[in-house]
Amino acid sequence: MVMQIRLDTVTADYRVGPIRSPKILNAVSTTVKSKSFSAVVGHTGSGKSSLLKLTNGLLLPTSGQVEIGDHIIKSENPKKSVKAARKKVGMVFQFPESQLFAETVEKDIIFGPLNFGMSVEEAKVIAKEVIVQVGLEVSILKKSPFSLSGGQKRRVAIAGILAMNPDILVLDEPGAGLDPKGKKEIMSLIRSWHEEKGLTTIFVTHDMDDVALYADEVIVMEKGSIAFQGTVRDAFRDADRVRNWHLELPEARRFQLKLEKEKAVSLPRVCLTLNELADVLIEVGLA
Amino acid sequence: MNKLILGRYFPGDSILHQMDARAKLLAGIYFIFVLFIANNWLSYVLLWLFTFFVMRLSGVKFRVYFRGVRPLIWLIIFTVFLQILFTAGGEIYIDWGPITISEFGLINGVYIFSRFVMIIFISTVVTLTTKPIDLTDAINYLLHPLRRLKVPVDEISLMLSISLRFIPNLLDETQKVMDAQRARGTEFGEGSLVQQMKKIVPIFLPLFVSSLNRAEDMANAMEVRGYQSSKPRSSFRRLNWHGRDTIGLLVMVLLTIVLVMLRTEAHVY
């Protein structure tokens, strides 16, 4: 199934109460390829979350159009296409555990599938499948979501989205507020789910090491526009450019640049992980 | 959720923004009583002019005020209708059995409508130009005399200011939870009444949970910093009474005098 996301000169306003920030996204055009795993990064207020919200009609474009597969979301008559798009796009919000509400974990997980017209039996089967997928025991399904720990709640909330069987998975800082181990587990379960189901995945993050470790592509947002879109390696090639985006470098790349400067050498490749760096160092005979 | 104007603060630097919260609160409450002195066309015209003058002074667009009336418009229309239908006297225009529309009824309807809308406008002016925190300080100050009667005034105002402080958070959070449930396929404002009521659970439950958690965090934070309810407290913010506040209250007195003079003795329309 081809599930690409295409934005065609999309402009969008963001509004909270009486305060309205016009053009939080300004004439953005981009294509996120089917089955790609992309990270969206950028300074606070650059429009990352708005970009995500466009993909399932929680934010509507004031001009331009959003294409999700073959559904087109425009500012006029969005209702039907938005509904279709929401079925395709599973969206995990920041701190998704705050959306849990049902008496049992199972009821919470099947909430989404039922809304999209799945039968209770089917949904329950899927609930069993996804709860294992997110690394929890099946027995937890009968527990109240409010009796779980923070990390478990996060997994349950993500399971609730996965249970909808989306073709596109959109996540807003899935690892925020978790300890390094929990974060790593969440990120790798998302990555493995992505591989297994052949999804198109987009996630927002502030952690460049997440980008380096998990993403294939990066979209850098700056002041409501896309400043860069391409492979992770290209994104982190030029340190000055990264600084201009108000971003950090991944740990390994930062170390690599420092090493190159101090030893006055130039390594042949951009290294994103410590393993890559070690390999390259052995290759050139520095280690 | 975002349409509620009454109770919101609009930052600005108009003369009303600069006035003391106590003066504004007193004048606002006083205005409601003053309204009832008016009993003829002339006094209502005067009150309308006064209301619009005050609204203009606040420097907030009139459109914002009209938006503030909108949520209450059905209540107002209902009350006005009752007045029109059940007030008798004067010339009768329409007579359908028990339903009559008379001259007095219509006039009364206009008066009631004016009162409602003016009260909303003026109280909106007060809240739009006063920071909630100043407003609670003002309430605290004005409730002071009740301390003699062992009313826990400080606790009441603390509760008030805490709840006011969390309203924006709560609104943000409501928006977030609604978005999250929308993403899970809930469509608000669709389906039968029962279905729509069921859709409230997935919003309210998370909100309750997070509010309770926050209350607990807040209580703990206060306790570790040594908060004790019975101890006397000093205030970080100070209310300052200026000449303009006295003038503001004098204007209200002047308004009262004029209204009393305009008042017609009998209930003449």
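Guide: A nonpolar core is a set of buried Ala, Val, Leu, Ile, Met, Phe, Trp, Tyr and Cys residues joined through side-chain atoms within 4.5 Å. Buried means under 20% relative accessible area, exposed means over 50%, and partly exposed lies in between (1.4 Å probe, protein chains only). The model is predicted: local features need pLDDT of at least 70, side-chain atom pairs count only at pLDDT 80 or more, and totals for chains, interfaces and linings use all residues. Residues are numbered from 1 along each chain as its sequence is written, chains are lettered from A and ligands numbered from 1 in the order in which they are written, and side-chain values use heavy atoms, with hydrogens and water left out.

The largest nonpolar core has 54 residues, and within it I109(A) and V211(A) touch the most other members. Helix α5 of chain A, residues 150-162, gives the largest share of this core, 6 residues; helices (H or I, at least four residues) and strands (E, at least two) are DSSP runs, numbered from the N terminus. In general, nonpolar side chains of soluble globular proteins tend to be buried together.

What does V211(A) contact, leaving aside its neighbours within four places in sequence? Its partners are A39(A), V41(A), T205(A), V218(A), V232(A) and F236(A), where contact means heavy atoms within 4.5 Å. Another core, of 37 residues, lies apart from the largest one, and among its members are W48(B), Y111(B), I122(B) and L259(B).

K35(A) lies in the loop between β2 (19-32) and β3 (37-42), and its phi is near 65°, a positive value in a residue other than glycine. Its relative accessibility is 47%, so K35(A) counts as partly exposed. E173(A), in the loop between β7 (168-172) and α6 (180-197) of chain A, also has a positive phi, near 45°, and is likewise not a glycine. Is E173(A) buried or exposed? With a relative accessible area of 14%, E173(A) is buried.

Finally, the two chains meet in a contact that takes 22 residues from chain B and 26 residues from chain A. Across this interface there are 4 salt bridges, a salt bridge being a side-chain nitrogen of Lys or Arg within 4 Å of a carboxyl oxygen of Asp or Glu. The side chains of R184(B) and D108(A) form a salt bridge, at 3.0 Å from N to O. On the side of chain B that touches chain A, α8(B) supplies the largest share, 8 residues.
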